[in-house]
Amino acid sequence: MEIVVVGAAGRTGRLVVEKALENKHGVTALLRDPAKLPVEHDRLTKARGDVFDAGSLAGPLEGKDAVVVALGVTSRTTTTVFSEGVRNIIAAARAGGVRRLITMSSAGLETKHLPAMQRFVAEFVVDRVYRNIHLDLGRMEDEVEASPLDWTIVRVPMLTDGPATPDYQAVVGGHIAKASRIARANVADYIVTHLDDTATYGRRVEVAN
């Protein structure tokens with residue numbers, strides 16, 4: 001497949017790029033500064049683009065098979081990068097004939113299924129710290145769900161570094177009872193190995209170690 005990775009310079013986005021190349025896909029890495037991705041490969045193209053600039057997305061997405069959104073922020077202040085960014089990505093995907101969309105979100109958007117103590121921490125500690133981010137991720141999910149694309153929202157708990165493991169969990173359309181963390185490498189593995197999994201189209205998926 002020919003895929004576009006948005007947020008390719010981030011710690012998870014870079015792993016998605018590397019995993020996709022490992023699995024023989026062609027990759028276009030969309031970045032505000034292509035120099036920030038220190039990966040070189042004959043199947044990798046680096047394209048300059050900004051999710052707030054809808055016009056910069058059209059060329060890189062034209063004619064591709066799928067787009068993976070691995071956006072992140074470095075501040076906990078009010079943001080619209082997820083919702084406005086995905087809105088522009090969806091518009092560019094539709095104009096360019098891209099049908100498949102996979103985007104990362106947070107498992108912290110739903111917590112009622114968690115055990116009591118974990119739910120308390122999630123609701124009264126984690127959500128308060130990341131409230132602005134969670135609010136915009138919620139708006140982003142609404143944008144994705146309303147789109148006509150073959151979308152999948154991958155909800156992740158706390159992200160960690162380290163190697164991929166073969167026994168991570170993934171639940172389509174449901175919840176993982178005690179999800180607390182996942183390695184970024186496992187997230188990248190799930191996304192790349194489910195690019196064409198029709199069972200995940202129009203669904204939210206939770207992943208965790």
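Author: Contact here means heavy atoms within 4.5 Å. The model is predicted.

Reader: Which residues does glycine 13 touch, not counting residues up to four places away in sequence?

Author: Glycine 13 touches Val5, Gly7, Ala8 and Ala70. The residue itself lies in helix H1, which covers residues 11-22.

Reader: Is glycine 13 buried or exposed?

Author: A residue is called buried under 20% relative accessible area. Glycine 13 has a relative accessible area of 0%, so it is buried.

Reader: How many residues apart in sequence are glycine 13 and leucine 71, and what is their C-alpha to C-alpha separation in space?

Author: They are 58 residues apart in sequence and 7.7 Å apart in space.

Reader: Where does serine 56 lie?

Author: Serine 56 is in the loop that runs between strand E3 (44-48) and helix H2 (58-61). With a relative accessible area of 17%, serine 56 is buried.

Reader: What lies 3.0 Å from a polar atom of the side chain of serine 56?

Author: That is the backbone nitrogen of aspartate 50.

Reader: How many salt bridges does the count come to?

Author: A salt bridge requires a side-chain nitrogen of Lys or Arg within 4 Å of a carboxyl oxygen of Asp or Glu. By this rule the count is 12. One of them joins arginine 11 and aspartate 161, with the closest N and O atoms 3.3 Å apart. Arginine 11 is in helix H1 and aspartate 161 in the loop between strand E7 (158-160) and strand E8 (169-172), so this pair ties together parts 150 residues apart in sequence.

Reader: Are arginine 11 and aspartate 161 buried or exposed?

Author: Arginine 11 is exposed at a relative accessible area of 55%, and aspartate 161 is exposed at 53%.

Reader: Which side chain meets that of aspartate 161 in a salt bridge at 2.9 Å, N to O?

Author: The side chain of arginine 184 does. Arginine 184 lies in helix H6 (residues 184-193) and aspartate 161 in the loop between E7 and E8, so the pair ties together parts 23 residues apart in sequence. Arginine 184 counts as buried, at 9% relative accessibility.

Reader: Which residue forms a salt bridge with glutamate 141, the closest N and O atoms being 2.8 Å apart?

Author: Arginine 204 does. The pair links distant parts of the chain, with glutamate 141 in helix H5 (residues 131-146) and arginine 204 in strand E10 (residues 203-208), 63 residues apart. Glutamate 141 is buried at 3% relative accessibility, while arginine 204 is partly exposed at 22%. Both belong to a network of salt bridges that links Glu141, Glu145, Arg155 and Arg204.

Note on methods:
Residues are numbered from 1 along each chain as its sequence is written. This is a predicted model: local features need pLDDT of at least 70, side-chain atom pairs count only at pLDDT 80 or more; totals for chains, interfaces and linings use all residues. Side-chain values use heavy atoms; hydrogens and water are left out. Helices (H or I, at least four residues) and strands (E, at least two) are DSSP runs, numbered from the N terminus. Buried means under 20% relative accessible area, exposed over 50%, partly exposed in between (1.4 Å probe, protein chains only). A polar contact is a pair of N or O atoms within 3.5 Å; within protein, one must be able to donate a hydrogen and the other to accept it, and residues adjacent in sequence count only if both atoms are side-chain atoms.
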